[in-house]
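Here is a quick briefing for anyone meeting this structure for the first time. Have a look at the sequence and the fold, then read on.

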Amino acid sequence: GNLLKEIVPFSKYPSVSLTALCTDISTNILLAGSKEGYIMRWSIGSFFEDLQKSKNQVKEELCWRAHSTKVVDLFHEEEKNVVVTASIDGSVRIWHATNGYYLGYFGQPRKFELSEISELILPCDINKFPTIIKEESKYMEEKKKSEYPLILDREK
């Protein structure tokens, strides 16, 4: 019950209220559902390796819109590599855990196809494709460290 470390995870999107959390069995991945229907996947494995290292980070890897309303529960099924999400709209949907691709919903007339995805489809109420967040290159990190002072040019 003691706080080991307090962090603010970096996210591409503005912070929203998280309504559901789960991890994989080995605690390398954290999945979070939001009030606005998004699912975010963070890599947290390096964070738990050595709590004294400040370089250990929680890195967002993937974000996708799973529902048009609040996510109330989710879980990660590692054997099948899927994420199951539930929303206050009453829908329960299945997603590919690695890339956020939509696989189907509970109650659909066809069987779930959990093999490789040949075509990217979305549920009828979602119009945003999953966003894979890549690590920034070292060049960008160097650029951020540089200072660009403002200089007044009276001729312009």
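How many aromatic pairs does a search of the whole structure find? The search turns up two, counting rings of Phe, Tyr and Trp (its six-membered ring) whose centres lie within 6.5 Å, with planes under 30 degrees apart called stacked, over 60 edge-to-face and the rest tilted. Keep in mind that this is a predicted model, where local features need pLDDT of at least 70, side-chain atom pairs count only at pLDDT 80 or more, and totals for chains, interfaces and linings use all residues. Residues are numbered from 1 along each chain as its sequence is written, and side-chain values use heavy atoms, leaving out hydrogens and water.

**The aromatic cluster**
- Trp64 and Trp95 have ring centres 6.0 Å apart and planes at 50°, so this pair is tilted.
- That pair ties together distant parts of the chain, with Trp64 in strand β4 (residues 59-65) and Trp95 in strand β7, 31 residues apart; strands are DSSP runs (E, at least two residues), numbered from the N terminus.
- Trp95 and Tyr102 also make a tilted pair, with centres 5.0 Å apart and planes at 55°.
- Put together, ring pairs join Trp64, Trp95 and Tyr102 into a cluster.
- Trp64 is buried at 1% relative accessibility, and Trp95 is buried at 1%; buried means under 20% relative accessible area, exposed over 50%, and partly exposed in between (1.4 Å probe, protein chains only).
- Tyr102, at 10%, counts as buried too.

**The sheet**
- Four strands make an open sheet in the order β5-β6-β7-β8, with antiparallel pairing; two strands pair if DSSP finds at least two bridges between them.
- β5 (71-77) and β8 (102-105) stand at the edges with a single partner strand each, so one side of each has no neighbour in the sheet.
- Strand β7 (residues 92-96) pairs with β8 over three bridges, and Arg93 has Tyr105 in β8 as its bridge partner.
- β7 and β8 form a hairpin with five residues between them, and Gly100 in the turn has a positive phi of about 75°.

**Thr85**
- Thr85 sits in strand β6 (residues 82-87) and is buried, at 0% relative accessibility.
- The side chain of Thr85 makes a polar contact with the side chain of Trp95 (3.0 Å).

**Cysteines**
- Cys63 is buried at 2% relative accessibility, while Cys124 is exposed at 84%.

Methods:
A polar contact is a pair of N or O atoms within 3.5 Å; within protein, one must be able to donate a hydrogen and the other to accept it, and residues adjacent in sequence count only if both atoms are side-chain atoms.
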